[in-house]
Amino acid sequence: MRRLLVIGIGAGDPEHVTVQAVRALNEVDVFFVVEKGHETDELVRLRREICERYIEEPSYRIVEIADPPRDRAAGAARGGPEDDGAAAASERAGAYREAVEDWRARRAEAWGRALAAELGEGECGAFLVWGDPSLYDSTLAVLERIRAAGEVAFEHEVIAGIGSVQALTARHGVPLNRVGRPVQITTGRLLAEGFPEGVDEVVVMLDADCSFRRLPDEGLEIHWGAYVGMPDEILISGPVREVGERIARERAQARERKGWVMDAYLLRRGS
(Lines give C-alpha, C1' and ligand atoms only; values in the text may rest on other atoms or scores of the structure.)
Protein backbone atom coordinates (compact mmCIF):
# COMPACT_ATOMS: atom_id res chain seq x y z
CA MET A 1 0.00 0.00 0.00
CA ARG A 2 1.25 3.46 -0.86
CA ARG A 3 1.55 5.79 2.14
CA LEU A 4 1.16 9.56 2.02
CA LEU A 5 2.12 12.11 4.67
CA VAL A 6 0.60 15.59 4.64
CA ILE A 7 3.11 17.58 6.67
CA GLY A 8 2.53 21.10 7.98
CA ILE A 9 5.82 22.99 7.75
CA GLY A 10 4.97 26.28 9.45
CA ALA A 11 4.28 29.79 8.30
CA GLY A 12 7.63 30.69 6.74
CA ASP A 13 10.40 30.11 9.25
CA PRO A 14 12.16 26.73 8.79
CA GLU A 15 12.44 26.58 12.58
CA HIS A 16 8.64 26.33 12.78
CA VAL A 17 8.99 22.69 11.74
CA THR A 18 8.06 20.48 14.70
CA VAL A 19 9.97 17.47 16.02
CA GLN A 20 7.11 15.27 14.81
CA ALA A 21 7.42 16.77 11.33
CA VAL A 22 11.20 16.19 11.30
CA ARG A 23 10.67 12.51 12.09
CA ALA A 24 8.08 12.33 9.30
CA LEU A 25 10.39 14.02 6.78
CA ASN A 26 12.95 11.31 7.38
CA GLU A 27 10.46 8.58 6.39
CA VAL A 28 9.71 9.99 2.94
CA ASP A 29 10.82 8.46 -0.36
CA VAL A 30 9.11 10.95 -2.67
CA PHE A 31 8.20 14.60 -2.04
CA PHE A 32 5.49 15.98 -4.32
CA VAL A 33 5.86 19.72 -4.90
CA VAL A 34 3.08 21.69 -6.56
CA GLU A 35 4.68 24.08 -9.05
CA LYS A 36 2.70 27.33 -9.41
CA GLY A 37 5.02 29.23 -11.75
CA HIS A 38 8.12 31.38 -11.34
CA GLU A 39 6.38 33.90 -9.09
CA THR A 40 6.25 31.35 -6.27
CA ASP A 41 9.69 29.78 -6.83
CA GLU A 42 10.64 31.08 -3.38
CA LEU A 43 8.09 28.78 -1.74
CA VAL A 44 9.53 25.78 -3.60
CA ARG A 45 13.06 26.78 -2.53
CA LEU A 46 11.99 26.99 1.09
CA ARG A 47 10.53 23.49 0.91
CA ARG A 48 13.82 22.23 -0.51
CA GLU A 49 15.72 24.05 2.25
CA ILE A 50 13.60 22.35 4.90
CA CYS A 51 14.35 18.94 3.39
CA GLU A 52 18.07 19.68 3.20
CA ARG A 53 18.17 20.96 6.77
CA TYR A 54 16.28 18.16 8.50
CA ILE A 55 16.67 14.96 6.48
CA GLU A 56 19.64 12.98 7.73
CA GLU A 57 20.09 10.57 4.81
CA PRO A 58 18.96 12.36 1.62
CA SER A 59 17.87 9.45 -0.55
CA TYR A 60 14.51 11.00 -1.40
CA ARG A 61 13.22 12.15 -4.79
CA ILE A 62 11.37 15.38 -5.54
CA VAL A 63 8.56 15.30 -8.10
CA GLU A 64 7.09 18.59 -9.30
CA ILE A 65 3.44 18.77 -10.33
CA ALA A 66 2.28 21.70 -12.47
CA ASP A 67 -0.66 23.40 -10.79
CA PRO A 68 -3.66 23.89 -13.11
CA PRO A 69 -4.76 27.51 -13.59
CA ARG A 70 -7.52 28.79 -11.34
CA ASP A 71 -10.16 31.40 -12.11
CA ARG A 72 -9.64 33.76 -9.16
CA ALA A 73 -11.98 36.38 -10.61
CA ALA A 74 -15.01 34.08 -10.41
CA GLY A 75 -17.57 35.43 -8.00
CA ALA A 76 -15.79 38.73 -7.44
CA ALA A 77 -17.92 41.83 -6.98
CA ARG A 78 -17.89 44.12 -10.00
CA GLY A 79 -18.66 47.23 -8.01
CA GLY A 80 -21.80 48.31 -9.86
CA PRO A 81 -25.43 48.55 -8.76
CA GLU A 82 -26.06 44.99 -9.97
CA ASP A 83 -23.91 43.77 -7.10
CA ASP A 84 -26.28 45.09 -4.42
CA GLY A 85 -28.53 42.74 -2.50
CA ALA A 86 -28.63 39.17 -1.24
CA ALA A 87 -29.44 37.65 -4.63
CA ALA A 88 -26.30 39.08 -6.22
CA ALA A 89 -24.20 37.97 -3.24
CA SER A 90 -25.62 34.45 -3.49
CA GLU A 91 -24.88 34.34 -7.21
CA ARG A 92 -21.29 35.44 -6.64
CA ALA A 93 -20.83 32.84 -3.89
CA GLY A 94 -22.13 30.12 -6.20
CA ALA A 95 -19.76 31.17 -8.99
CA TYR A 96 -16.85 31.13 -6.56
CA ARG A 97 -17.67 27.64 -5.26
CA GLU A 98 -18.06 26.35 -8.81
CA ALA A 99 -14.64 27.73 -9.79
CA VAL A 100 -13.00 26.18 -6.72
CA GLU A 101 -14.61 22.79 -7.38
CA ASP A 102 -13.42 22.86 -11.00
CA TRP A 103 -9.88 23.72 -9.92
CA ARG A 104 -9.82 20.99 -7.29
CA ALA A 105 -11.07 18.43 -9.81
CA ARG A 106 -8.26 19.29 -12.23
CA ARG A 107 -5.77 19.22 -9.36
CA ALA A 108 -6.96 15.75 -8.38
CA GLU A 109 -6.42 14.50 -11.93
CA ALA A 110 -2.85 15.84 -12.05
CA TRP A 111 -1.93 14.64 -8.56
CA GLY A 112 -3.49 11.23 -9.16
CA ARG A 113 -1.39 10.72 -12.28
CA ALA A 114 1.75 11.71 -10.38
CA LEU A 115 1.01 9.37 -7.48
CA ALA A 116 0.38 6.45 -9.81
CA ALA A 117 3.53 7.08 -11.84
CA GLU A 118 6.02 8.16 -9.19
CA LEU A 119 5.05 6.47 -5.91
CA GLY A 120 5.55 2.72 -5.83
CA GLU A 121 3.75 0.19 -3.67
CA GLY A 122 5.21 0.25 -0.17
CA GLU A 123 6.80 3.68 -0.64
CA CYS A 124 6.10 6.80 1.41
CA GLY A 125 5.25 10.07 -0.31
CA ALA A 126 4.62 13.50 1.14
CA PHE A 127 3.10 16.89 0.45
CA LEU A 128 4.63 19.74 2.47
CA VAL A 129 1.88 22.19 3.36
CA TRP A 130 2.50 25.81 4.24
CA GLY A 131 1.05 26.48 7.70
CA ASP A 132 -1.34 23.81 8.88
CA PRO A 133 -3.08 21.33 6.55
CA SER A 134 -6.40 21.73 8.39
CA LEU A 135 -6.91 25.46 7.80
CA TYR A 136 -7.87 26.95 4.40
CA ASP A 137 -5.75 24.48 2.47
CA SER A 138 -7.02 22.26 -0.34
CA THR A 139 -4.56 19.36 0.00
CA LEU A 140 -6.79 17.06 2.04
CA ALA A 141 -9.85 17.76 -0.11
CA VAL A 142 -7.89 16.96 -3.28
CA LEU A 143 -6.55 13.71 -1.81
CA GLU A 144 -10.11 12.67 -0.93
CA ARG A 145 -11.11 13.22 -4.56
CA ILE A 146 -8.24 11.00 -5.70
CA ARG A 147 -9.23 8.29 -3.22
CA ALA A 148 -12.88 8.48 -4.31
CA ALA A 149 -11.89 8.04 -7.97
CA GLY A 150 -10.49 4.64 -7.00
CA GLU A 151 -7.60 4.61 -9.46
CA VAL A 152 -4.79 4.98 -6.90
CA ALA A 153 -4.94 3.27 -3.50
CA PHE A 154 -3.14 4.90 -0.59
CA GLU A 155 -3.39 5.60 3.11
CA HIS A 156 -2.53 8.99 4.51
CA GLU A 157 -1.58 10.67 7.76
CA VAL A 158 -1.65 14.37 8.66
CA ILE A 159 1.15 16.00 10.65
CA ALA A 160 -0.12 19.24 12.19
CA GLY A 161 1.92 22.37 11.64
CA ILE A 162 2.24 25.83 13.11
CA GLY A 163 -0.38 27.81 11.24
CA SER A 164 -0.50 31.44 10.17
CA VAL A 165 -2.93 32.32 12.97
CA GLN A 166 -0.52 31.10 15.66
CA ALA A 167 2.44 32.76 13.97
CA LEU A 168 0.56 36.05 13.50
CA THR A 169 -0.51 36.49 17.12
CA ALA A 170 2.89 35.32 18.40
CA ARG A 171 4.77 37.87 16.29
CA HIS A 172 2.44 40.65 17.44
CA GLY A 173 2.66 39.43 21.03
CA VAL A 174 -1.11 39.44 21.53
CA PRO A 175 -3.64 36.81 22.66
CA LEU A 176 -6.06 35.47 20.09
CA ASN A 177 -9.12 35.95 22.30
CA ARG A 178 -10.28 37.82 25.35
CA VAL A 179 -11.55 36.10 28.49
CA GLY A 180 -14.62 33.99 27.83
CA ARG A 181 -15.09 35.30 24.29
CA PRO A 182 -15.23 33.28 21.03
CA VAL A 183 -13.03 33.80 17.99
CA GLN A 184 -14.10 33.33 14.38
CA ILE A 185 -11.81 32.54 11.45
CA THR A 186 -13.17 33.69 8.12
CA THR A 187 -12.20 34.98 4.69
CA GLY A 188 -12.02 38.44 3.19
CA ARG A 189 -14.81 37.48 0.80
CA LEU A 190 -17.16 36.86 3.75
CA LEU A 191 -15.93 39.80 5.82
CA ALA A 192 -16.92 42.06 2.92
CA GLU A 193 -20.53 41.17 3.76
CA GLY A 194 -20.11 42.60 7.27
CA PHE A 195 -18.46 41.95 10.61
CA PRO A 196 -19.71 38.55 11.89
CA GLU A 197 -22.36 38.67 14.59
CA GLY A 198 -21.75 37.31 18.08
CA VAL A 199 -17.97 37.74 18.10
CA ASP A 200 -15.55 40.58 18.77
CA GLU A 201 -12.37 38.86 17.52
CA VAL A 202 -12.12 37.77 13.88
CA VAL A 203 -9.12 36.29 12.10
CA VAL A 204 -9.30 37.01 8.38
CA MET A 205 -7.46 35.12 5.66
CA LEU A 206 -7.44 35.25 1.86
CA ASP A 207 -8.31 38.94 1.69
CA ALA A 208 -6.79 40.43 -1.46
CA ASP A 209 -9.16 43.42 -1.25
CA CYS A 210 -8.38 44.51 2.33
CA SER A 211 -12.08 44.31 3.14
CA PHE A 212 -11.60 45.78 6.63
CA ARG A 213 -11.49 49.23 5.03
CA ARG A 214 -15.17 49.02 4.14
CA LEU A 215 -16.45 48.12 7.61
CA PRO A 216 -18.18 50.69 9.83
CA ASP A 217 -15.80 52.38 12.25
CA GLU A 218 -16.63 50.64 15.54
CA GLY A 219 -13.28 51.19 17.18
CA LEU A 220 -11.81 48.28 15.22
CA GLU A 221 -8.20 47.38 15.96
CA ILE A 222 -6.13 45.33 13.52
CA HIS A 223 -3.01 43.20 13.83
CA TRP A 224 -1.84 42.44 10.29
CA GLY A 225 1.10 40.44 9.03
CA ALA A 226 2.50 39.38 5.68
CA TYR A 227 5.24 36.77 5.06
CA VAL A 228 5.15 36.06 8.80
CA GLY A 229 8.26 34.18 9.89
CA MET A 230 10.16 34.97 6.70
CA PRO A 231 13.09 37.42 6.36
CA ASP A 232 10.88 40.04 4.66
CA GLU A 233 8.08 39.83 7.23
CA ILE A 234 5.82 42.90 7.51
CA LEU A 235 3.85 43.61 10.70
CA ILE A 236 1.43 46.52 11.21
CA SER A 237 -1.05 47.06 14.04
CA GLY A 238 -3.29 49.80 15.35
CA PRO A 239 -6.77 51.26 14.89
CA VAL A 240 -8.12 50.46 11.42
CA ARG A 241 -9.00 54.10 10.83
CA GLU A 242 -5.32 55.02 11.34
CA VAL A 243 -3.42 52.14 9.70
CA GLY A 244 -5.92 50.61 7.26
CA GLU A 245 -4.78 52.51 4.17
CA ARG A 246 -1.13 51.95 5.08
CA ILE A 247 -1.74 48.20 5.23
CA ALA A 248 -3.45 48.23 1.83
CA ARG A 249 -0.56 50.22 0.37
CA GLU A 250 2.15 48.00 1.91
CA ARG A 251 0.33 44.87 0.75
CA ALA A 252 0.04 46.12 -2.83
CA GLN A 253 3.71 47.09 -2.92
CA ALA A 254 4.78 43.72 -1.51
CA ARG A 255 2.63 41.88 -4.05
CA GLU A 256 4.16 43.90 -6.86
CA ARG A 257 7.71 43.38 -5.56
CA LYS A 258 7.57 39.62 -4.97
CA GLY A 259 4.79 38.51 -7.31
CA TRP A 260 2.87 36.86 -4.46
CA VAL A 261 1.76 37.65 -0.93
CA MET A 262 0.55 35.57 2.00
CA ASP A 263 -1.03 37.57 4.78
CA ALA A 264 -3.63 37.39 7.53
CA TYR A 265 -4.94 39.65 10.24
CA LEU A 266 -6.76 39.74 13.55
CA LEU A 267 -9.61 42.25 13.86
CA ARG A 268 -10.69 43.20 17.36
CA ARG A 269 -13.86 45.17 18.07
CA GLY A 270 -14.45 47.25 21.17
CA SER A 271 -12.35 47.36 24.33
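**View A. An open sheet of five strands has the order β3-β2-β4-β1-β5, and its pairing is parallel.** Two strands count as paired if DSSP finds at least two bridges between them, while the strands themselves (E, at least two residues) and the helices (H or I, at least four residues) are DSSP runs that are numbered from the N terminus. The model is a predicted one, in which local features need a pLDDT of at least 70 and side-chain atom pairs count only at pLDDT 80 or more, whereas totals for chains, interfaces and linings use all residues. Residues are numbered from 1 along each chain as its sequence is written, and side-chain values use heavy atoms, with hydrogens and water left out. The edges of the sheet are formed by β3 (61-66) and β5 (154-159), each of which pairs on one side only. On average, and with direction ignored, neighbouring strands of this sheet are turned by 25° against each other; the strand axes behind this value are lines fitted to C-alpha atoms, and angles between N-to-C directions run from 0 to 180 degrees.

**View B. Strand β1 pairs with β5 and with β4.** β1 covers residues 2-8, and six bridges join this strand to β5, the two running parallel. Along this pairing, Arg3 stands opposite Glu155 in β5, and Val6 stands opposite Val158 in β5. The pairing of β1 with β4 is also in the parallel sense and also extends over six bridges; here the partner of Gly8 in β4 is Val129. β1 is mostly covered, since six of its seven residues are buried, where buried means under 20% relative accessible area, exposed means over 50%, and partly exposed lies in between (1.4 Å probe, protein chains only). In a regular strand the side chains alternate between the two faces of the sheet.

**View C. A salt bridge links Glu157 with Arg3.** Side chains of opposite charge can pair when their charged atoms come close, and the term salt bridge is used here for a side-chain nitrogen of Lys or Arg within 4 Å of a carboxyl oxygen of Asp or Glu. In this pair the closest N and O atoms are 3.2 Å apart. Because Glu157 lies in strand β5 and Arg3 in strand β1, the pair ties together parts that are 154 residues apart in sequence. Glu157 counts as partly exposed at 35% relative accessibility, and Arg3 also counts as partly exposed, at 25%.

**View D. Glu15 and Arg53 meet through their side chains in a salt bridge of 4.0 Å, N to O.** Glu15 lies in the loop between β1 and α1 (19-25) and Arg53 in helix α2 (residues 41-54), so this pair ties together parts that are 38 residues apart in sequence. With a relative accessible area of 60%, Glu15 is exposed, whereas Arg53 counts as partly exposed at 42%.

**View E. Within helix α7 (residues 240-258) lie both Arg246 and Glu250.** Their side chains meet in a salt bridge of 4.0 Å, taken from N to O, and the two residues are four apart, about one turn of the helix. Arg246 counts as partly exposed at 38% relative accessibility, and Glu250 is partly exposed as well, with a relative accessible area of 24%. Elsewhere, Arg181, Asp200, Glu218 and Arg269 are linked in a network of salt bridges, and the structure holds 23 salt bridges.

View F. In α4, Thr139, Val142, Leu143 and Ile146 are buried. They cover an arc of only 100° around the axis, as given by the directions from the helix axis to the C-beta atoms, which puts them on the same side of α4. After α4 comes Gly150, whose phi is positive, near 75°.

**View G. Tyr136, Ile185 and Leu206 make a nonpolar surface patch of about 280 Å².** Patches are made of residues with over 30% relative accessible area and no salt bridge; like charges are joined within 9 Å, and nonpolar side chains (Val, Leu, Ile, Met, Phe, Trp, Tyr) within 5 Å. The accessible areas come from the Shrake-Rupley method with a 1.4 Å probe, and for residues only the protein chains shown count as cover. Tyr136 is partly exposed, with a relative accessible area of 41%.
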